[in-house]
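Hi,

Here is the structure I promised to pass on.

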Amino acid sequence: MSSNDSNQRVLSGMRPTGRLHLGHLHGVLKNWVQLQHEYECFFFVADFHALTTDYEESQNIEQYTFDTVVDWLAAGVNPGTATIFVQSRVPEHAELHLLLSMITPISWLERVPSFKDQQQKLSDRDLATYGFLGYPLLQAADILVYRAGWVPVGADQVAHVELTREVARRFNHIYGREPGFEDAAEAAVKKMSKKAARMYGNLRKEYLEKGNGEALERARALLAEQQNLSIGDRERLFGYLEGGGRIILPEPQSLLTKTAKMPGLDGEKMSKSYNNYISLREEPDSVEAKIRTMQTDPARVRRSDPGEPANCPVFALHEVYSTEEVCQWATEGCRSAGIGCVDCKKPLIDAINEEQLIYRQRAQQFEEEPDLVHAILAEGSEKARNLARETLEDVKEAIGISHR
Ligand code: TRP
Ligand code: SF4
C-alpha cells in the first residue's frame, strides 16, 4: 500500500485570469464546493504559474487574484471549511520546486504535452524560458508540499499529476533510503525461491524505471504469496518495491472532474479566449442580450422551419440548466416548429439569472469589503504555510541540508 491511500487531503489551484465564467462554475467550482464537505481541502491561486506565460503582463495579477477569489467565495467555497490561499504567499512552493528541479530530468518536462502545445498556441510570446519549462514541476511542488492525496483536475491536467507522481517516486528513491536498507532488502530477496526472486526483481525494475503500475500490483501479489518470509522482510520488500525505504513525498492521484465540458455561446467549449462566455457575475440584462443573440440551428431560418436541438448551442445550455421537462418541451417544440427560438431561449435566460442571483449578491458583499477577502487569504496562507514548512523540514533533512 502506498502511504497515501487513506490520505484525505485535496489540493487544487487555478491561475488568476480575472473574473470566472460559467465554464469554471460548472467544470470546477461546483465540484470544489462538494469536495470541501468530504475532504480536507486546499484551494489556491497560482500566481507564480501566471508568470510563466504572462511575465510581461504581471501588473494584472493582483487584481485578477482578487477577482478569482471573490468568485470562489461567491460560488460557495467556504473559508471556514476549506483553506484558501495565494501561492506566492507560501514561498515553500518555490523552495520545493528548486529542490525537485535538481533531480528532474529535462526530458521529463519536455515531453509533457502542454509544453509544446502551449508554446505553439501562445506563439506571440517567447515561451522558450526556464520558468515555462518548469511549469509542471512547479505544479508538482504545489501538490507535494502539502502531501495531498487527491488533485481534482480536468483531463488536460492529468499529465501534470502523472509527472508529480514520477518526481515523488524519484525523490523517495534517492532520498528515502535508510542506511543499510538496501542490503537488508537484497538479503530478503535471496530468502525467496530463485524463481520468485527473479520475478520480484524484474517487476520492481519495471515499476521503478517505467512507472508500470500493473507490475507493482503483481509484485505485491507475489510478496503476499511468499510463505517463508518474516514479517519484517516482507515489509522491507514492500517498501523496496517503491524505491528506497521511507516515503517522504507520497504520490497523489488525480480526481477527474466528471462534468461534461460547458458549451459556450457558439457551441464550442466556453473560454475567455474564445469570447463565448457568460461570466459568473454577468448582469441580468447582459445575460439576456447574450442568449438572445445566440446562434441557433442554422437549418431553422424561418419560424415555420422545424429545427434539431442536437445542432443548436442553445439546447446545449438547456441541457445544463433546464429540467427534463423543459428540455422535452424545447425538443418537441423545435422539431415541430411549435415554438420559436425566442420562446425557447426564455426559460434558459430565467434559469441562468436565477442561479446567478445568489452569486452576484455574495460577490457584491466581498467587493464592498475587500479587507474581508484579504483577511481570508492571509489566514489561509498562514495555515498553508505551516503545513508546507513541515514538509520542507522533512525534505531538507532527507537530503541532508537541515544544518541543525
Ligand atoms: N495548471 C493548473 C491549470 O492550469 C493550475 C495549477 C497550478 C494546479 N498548480 C496546481 C492545479 C496544482 C492543481 C494542482 O489549471
Ligand atoms: Fe435551438 Fe430552441 Fe431554436 Fe430549436 S427552438 S433551434 S433548440 S433555440
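The largest cavity is lined by Thr-296, Asp-297, Arg-300, Pro-309, Cys-312, Val-314, Phe-315, Ala-330, Cys-334, Cys-341, Cys-344 and Lys-345. A cavity here is a set of points, on a 1 Å grid over the protein atoms alone, where a 1.4 Å probe fits but cannot get out, and lining residues have an atom within 4 Å of a point. Helices H15 (313–321), H16 (324–335) and H17 (341–368) each give two or more residues to that lining, with H17 giving the most, 3 residues (helices are DSSP runs of H or I, at least four residues, numbered from the N terminus). The volume is about 110 Å³, taken as the space filled by probe spheres set on the points.

Before you go further: this is a predicted model, where local features need pLDDT of at least 70, side-chain atom pairs count only at pLDDT 80 or more, and totals for chains, interfaces and linings use all residues. Residues are numbered from 1 along each chain as written, chains are lettered from A and ligands numbered from 1 in written order, and side-chain values use heavy atoms, without hydrogens or water.

Ligand 2 sits in the largest cavity (more than half of its atoms lie within 2 Å of the grid points).

Cheers

Note on methods:
1 Å grid on protein atoms, 1.4 Å probe; cavity = no way out; pocket = protein on both sides within 12 Å on 5 of 7 lines; lining within 4 Å.
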